[in-house]
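Please read them with the structure open.

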Amino acid sequence: QVQLVESGGGLVQAGGSLRLSCAASEFPLDSWVIGWFRQAPGKEREGVACISSKDTSTFYPDSVKDRFAISRDKFNNTVYLKMDNLIPEDTAIYYCATVCGRRDYGGGVRGKGTQVTVSS
């Protein structure tokens, strides 16, 4: 069964950095588009990064542009989300999925997520 597992979340002060990992079992990630999403309490799920299947393009919404970076490590079958200059508004559960979009419209496979908490 295909599974995505996220890790790397935690508590960080504003201005700090975290790197999230999205690892896959049972299938190679390098042939899939991968998106990172987040959901904060009381808010809709928001897409924060996307990498195309051939790593030819990436996408970020304005809310995280120039602070977040998505990358793929084919050798380790892992997709990363590096987050810099974190702000309290970035606090959310972050999860990866085999889909992309400004919102999570469903479909594909997604992990259970990892909690990111940014203190002011």
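1. Arg38 is buried, because its relative accessible area is 7% and the cut-off for buried is under 20%. The model is predicted. Arg38 sits in strand S4, which spans residues 34-39.

2. Which side chains make polar contacts with Arg38? Asp90 is one of them, through a polar contact of 2.9 Å. Tyr94 is another, and that contact is also given as 2.9 Å.

3. Arg38 and Asp90 also form a salt bridge, with the closest N and O atoms 2.9 Å apart. This pair links distant parts of the chain. Asp90 is in the loop between strand S8 (78-83) and strand S9 (92-97), while Arg38 is in strand S4. The two residues are 52 residues apart. Asp90 counts as buried, at 1% relative accessibility. Arg38, at 7%, counts as buried too.

4. Asp90 has a further salt-bridge partner in Arg67, at 2.7 Å, N to O. Arg67 lies in the loop between strand S6 (58-59) and strand S7 (68-73), and Asp90 in the loop between S8 and S9, so the pair ties together parts that are 23 residues apart in sequence. Is Arg67 buried or exposed? Arg67 counts as buried, because its relative accessibility is 14% and buried means under 20%.

5. Asp104 and Arg110 meet through their side chains in a salt bridge of 2.8 Å, N to O. Asp104 is buried, with a relative accessible area of 16%. Arg110 counts as partly exposed, at 26% relative accessibility.

6. In the whole structure, the search finds 7 salt bridges.

7. Now the cysteines. The count comes to 2 disulfides. With bonded cysteines counted along the chain, the disulfides follow the pattern 1-3, 2-4.

8. Cys22 is joined to Cys96 by a disulfide, S to S 2.1 Å. The torsion about this S-S bond is about 75°, so the disulfide of Cys22 and Cys96 is right-handed. The pair links distant parts of the chain: Cys22 is in strand S3 (residues 18-25) and Cys96 in strand S9, 74 residues apart. Cys22 counts as buried at 0% relative accessibility. Cys96 is likewise given as buried, at 0%.

9. Cys50 is joined to Cys100 by a disulfide, S to S 1.9 Å. What is the handedness of the disulfide of Cys50 and Cys100? The torsion about the S-S bond is about 95°, so the disulfide is right-handed. Here too the pair links distant parts of the chain. Cys50 is in strand S5 (residues 46-51), and Cys100 is in the loop between S9 and strand S10 (114-119). They are 50 residues apart.

10. Last, the accessibility of that second pair. Cys50 is buried, with a relative accessible area of 13%.

Methods: Residues are numbered from 1 along each chain as its sequence is written. This is a predicted model: local features need pLDDT of at least 70, side-chain atom pairs count only at pLDDT 80 or more; totals for chains, interfaces and linings use all residues. Side-chain values use heavy atoms; hydrogens and water are left out. Helices (H or I, at least four residues) and strands (E, at least two) are DSSP runs, numbered from the N terminus. Buried means under 20% relative accessible area, exposed over 50%, partly exposed in between (1.4 Å probe, protein chains only). A polar contact is a pair of N or O atoms within 3.5 Å; within protein, one must be able to donate a hydrogen and the other to accept it, and residues adjacent in sequence count only if both atoms are side-chain atoms. A salt bridge is a side-chain nitrogen of Lys or Arg within 4 Å of a carboxyl oxygen of Asp or Glu. A disulfide is a pair of cysteine sulfur atoms within 2.5 Å.
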